[in-house]
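Trainee: I have a fold to go through and a list of questions. Can we take them one by one?

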Amino acid sequence: MSRSRVLVLCSAALAAVCGPVLPAHAAAPAIAVPPDKIVIEVATVNGSGCPQGTAAVAVSLDNTAFTVTYSQYLAQVGRGTKPTDSRKNCQLNLIVHVPHGFTYAIASVDYRGYAHLEPGATGEQKASYYFQGQSETTVKSHPFKGALDDSWQATDSNEVAQYVWAPCGEQRNFNINTELSVGAGTSDPTKTTSFMAMDSTDGAINTLYRLAWKECPPTP
């Protein structure tokens, strides 16, 4: 039997749903979580949605998630805007220092923000994920339609079989490319303005990336 064990972060309230179903007499399996803290460094930040100094990364204390905080991520269309304002993106290149003997994959991601879309206007949040030097790329997108004037949330999630794991024993930077776009659609851009922001009233919002872990096979 493989010693690989995978952790998928589940809340206590959802444990009955996303936890394994075990016979009454069976003991719960051990969870593979690195005993040492992981360290994530931002190698580069590029894009119109994250000017220098407006994106920050933090790792959770239990090593199961990290957050990216944006403070100037806004796409808009209509009165008082420029054509280039309708699409904003941010490319994060992260150096992930993983404890020896472990590898990781992205299990799910939560994005949050605020949107004001006039009737007939449209918006979209999109993200792609890949490891440096690997051809496998995961792409997710979420459309929005006006009229909308409220907070928004989008979740990207993967089944275990779809996880793209970082190569064991190799340092591969992890790339996250996010995008917000807004279209006028059937609304009147000469009289109205529509926007989507990945921020909040306090100027920042945390995008949560949940990690899955497994142990690497022993080195011969």
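Trainee: How many bridges pair strand 7 and strand 8?
Mentor: This is a predicted model, so every value here is computed from it. Threonine 122 has lysine 145 as its bridge partner in strand 8. The two strands run in the antiparallel sense, and their pairing counts eight bridges.

Trainee: Which residue takes a positive phi in the hairpin of strand 7 and strand 8?
Mentor: Look at the connection. Six residues sit between the strands. With a phi near 85°, the residue is glycine 133.

Trainee: In what order do the five strands of the open sheet stand?
Mentor: Strand 7 also has a partner in strand 10, joined by ten bridges in an antiparallel run. Strand 7 pairs with strand 8 as well. The sheet is open and its pairing is antiparallel, with the order 1-5-10-7-8.

Trainee: Which residue in strand 10 is the bridge partner of tyrosine 130?
Mentor: Strand 10 spans residues 174-183. Strand 7, residues 122-131, is joined to strand 10 by ten bridges. The partner of tyrosine 130 is asparagine 175.

Trainee: Is asparagine 175 buried or exposed?
Mentor: The cut-off for buried is under 20% relative accessible area. Asparagine 175 has 6% relative accessibility, so the residue counts as buried.

Trainee: With which side chain does the side chain of asparagine 175 make a polar contact?
Mentor: Start from the neighbours. Leaving out residues up to four places away in sequence, asparagine 175 touches Gln91, Leu92, Asn93, Ser128, Tyr129, Tyr130, Phe131 and Gln132. The polar contact is at 2.6 Å, and its partner is asparagine 93.

Trainee: Why is strand 6 called largely enclosed by the rest of the structure?
Mentor: Count buried residues along residues 102-117.

Trainee: Which residue in strand 9 stands opposite arginine 112?
Mentor: Strand 6 runs antiparallel to strand 9, residues 148-157, with ten bridges between them. Opposite arginine 112 stands glutamine 153.

Trainee: Which residue in strand 11 stands opposite histidine 116?
Mentor: Strand 6 also pairs with strand 11, residues 193-197. The sense is antiparallel, over three bridges. Opposite histidine 116 stands phenylalanine 195.

Trainee: How many residues apart in sequence are the parts that cysteine 50 and cysteine 90 tie together?
Mentor: The sulfur atoms of cysteine 50 and cysteine 90 are 2.1 Å apart, and the pair forms a disulfide. Cysteine 50 lies in the loop between strand 1 and strand 2, while cysteine 90 lies in strand 5, so the pair ties together parts separated by 40 residues.

Trainee: Is the link of cysteine 50 and cysteine 90 right-handed or left-handed?
Mentor: Both ends are covered: cysteine 50 is buried at 1%, and cysteine 90 is buried at 0%. Now take the angle about the S-S bond, 100°. The link is right-handed.

Trainee: What is the handedness of the disulfide of cysteine 168 and cysteine 216?
Mentor: The sulfur atoms of cysteine 168 and cysteine 216 are 2.1 Å apart. The torsion about their S-S bond is about -90°, so the disulfide is left-handed.

Trainee: Is cysteine 168 buried or partly exposed?
Mentor: Cysteine 168 sits in the loop between strand 9 and strand 10, and cysteine 216 in the segment after strand 12. Cysteine 216 is buried at 17%. Cysteine 168 has a relative accessible area of 34%, so the residue is partly exposed.

Trainee: What share of the contacts with a separation of 6 or more comes from residues 24 or more positions apart?
Mentor: The chain holds one helix and twelve strands. Its two disulfides include a pair 48 residues apart. For the contacts, the share is 80%.

Definitions and conventions. Residues numbered from 1 in each chain as written. Predicted model: local features only at pLDDT ≥ 70, side-chain atom pairs only at ≥ 80, totals over all residues. Heavy atoms only, no water. Helix = DSSP H or I, 4+ residues; strand = E, 2+ residues; numbered from the N terminus. Buried < 20%, exposed > 50% of the residue type's maximum accessible area, 1.4 Å probe, protein only. Polar contact = N/O pair within 3.5 Å; in protein donor to acceptor, adjacent residues only side chain to side chain. Contact = heavy atoms within 4.5 Å. Pairing = 2+ DSSP bridges. Disulfide = S-S within 2.5 Å.
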